[in-house]
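Subject: A structure to look through

Dear colleague,

Please open the structure below and keep it beside you while you read the notes that follow.

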Amino acid sequence: MLQLIADSGSSKTDWYLCNQQQVLLNYKTKGCNPLASPSQWIREELSLHLLPVLKQIIPLETIDKLHFYGAGCHQGEGQERMTAILSNIFSKQTSIKV
């Protein structure tokens with residue numbers, strides 16, 4: 001099972017790709033706060049900077065779970081926007097929790 005875990009603030013996001021035994025990747029992107037940045041900007045940031053790195057390691061469809069812990073995502077509009085953004089980027093088979 002592969003999991004992608006994000007710890008995000010307004011200035012940076014730490015991404016961890018993990019299997020059951022170890023961290024396979026630790027990568028940083030700019031912050032992804034859905035209440036401070038437009039959805040299109042967040043999609044572009046992830047598409048241009050995170051996805052190419054992930055695709056060098058694994059097919060995106062093999063990510064079973066994505067856990068996104070972030071500023072502006074605790075409930076309501078921010079949580080809904082970030083869930084929609086991530087759902088449009090990652091495979092339908094990936095379970096996404098914001």
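Between which helix and which strand is the loop with Gln 93 found? Gln 93 sits in the loop between helix 2 (76-89) and strand 5 (95-97), where helices (H or I, at least four residues) and strands (E, at least two) are DSSP runs, numbered from the N terminus. With a relative accessibility of 61%, Gln 93 counts as exposed; here buried means under 20% relative accessible area, exposed means over 50%, and partly exposed lies in between (1.4 Å probe, protein chains only). Gln 93 and Arg 81 are twelve residues apart in sequence, and their C-alpha atoms are 19 Å apart in space.

Before going further, please note that this is a predicted model, in which local features need pLDDT of at least 70 and side-chain atom pairs count only at pLDDT 80 or more, while totals for chains, interfaces and linings use all residues. Residues are numbered from 1 along each chain as its sequence is written, and side-chain values use heavy atoms, with hydrogens and water left out.

How the strands pair

Two strands are said to pair if DSSP finds at least two bridges between them. Strand 1 and strand 4 run parallel and are joined by seven bridges, and within this pairing Asp 7 stands opposite Tyr 69 in strand 4. Strand 4 also pairs with strand 5 in the parallel sense, over three bridges, with Lys 97 in strand 5 as the bridge partner of His 67. Strand 2 and strand 3 (residues 23-30), by contrast, run antiparallel and are joined by seven bridges; these two strands form a hairpin with four residues between them, and Tyr 16 stands opposite Asn 26 in strand 3.

The nonpolar core

A nonpolar core is taken here as a set of buried Ala, Val, Leu, Ile, Met, Phe, Trp, Tyr and Cys residues joined through side-chain atoms within 4.5 Å. The largest such core has 25 residues, of which Leu 4, Leu 46, Leu 54, Ile 63, Phe 68, Leu 86 and Phe 90 touch the most other members. Strand 1, strand 2, helix 1 (39-57), strand 4 and helix 2 are the elements that give two or more residues to this core, and helix 1 gives the most, with six residues. If you select Leu 4 and leave out residues up to four places away in sequence, you will find that it is in contact (heavy atoms within 4.5 Å) with residues including Trp 15, Leu 50, Leu 54, Ile 63 and Phe 90.

An aromatic pair

Rings of Phe, Tyr and Trp (its six-membered ring) pair if their centres lie within 6.5 Å, and planes under 30 degrees apart count as stacked, over 60 as edge-to-face and the rest as tilted. By this rule there is one aromatic pair. Trp 15 and Phe 68 form this tilted pair, with 5.9 Å from centre to centre and 55 degrees between the planes. Because Trp 15 lies in strand 2 (residues 12-18) and Phe 68 in strand 4 (residues 63-70), the pair ties together parts that are 53 residues apart in sequence. Both Trp 15 and Phe 68 are buried.

Ser 8 and the cysteines

Ser 8 is found in strand 1 (residues 2-8) and, at 6% relative accessibility, counts as buried. Its side chain makes a polar contact of 2.7 Å with the side chain of Thr 13, and the side chain of Ser 8 also reaches the backbone nitrogen of Cys 32 at 3.1 Å. A polar contact is a pair of N or O atoms within 3.5 Å; within protein, one must be able to donate a hydrogen and the other to accept it, and residues adjacent in sequence count only if both atoms are side-chain atoms.

How many disulfides are there, counting pairs of cysteine sulfur atoms within 2.5 Å? The count comes to zero. The sulfur of Cys 18 is 18 Å from the closest cysteine sulfur, that of Cys 32, which is too far for a bond. Cys 32 is in no disulfide either, as the nearest cysteine sulfur, in Cys 73, is 8.9 Å away. Cys 18 is buried, with a relative accessible area of 13%, and Cys 32 is buried with a relative accessible area of 0%.

With best wishes

Terms used:
A disulfide is a pair of cysteine sulfur atoms within 2.5 Å.
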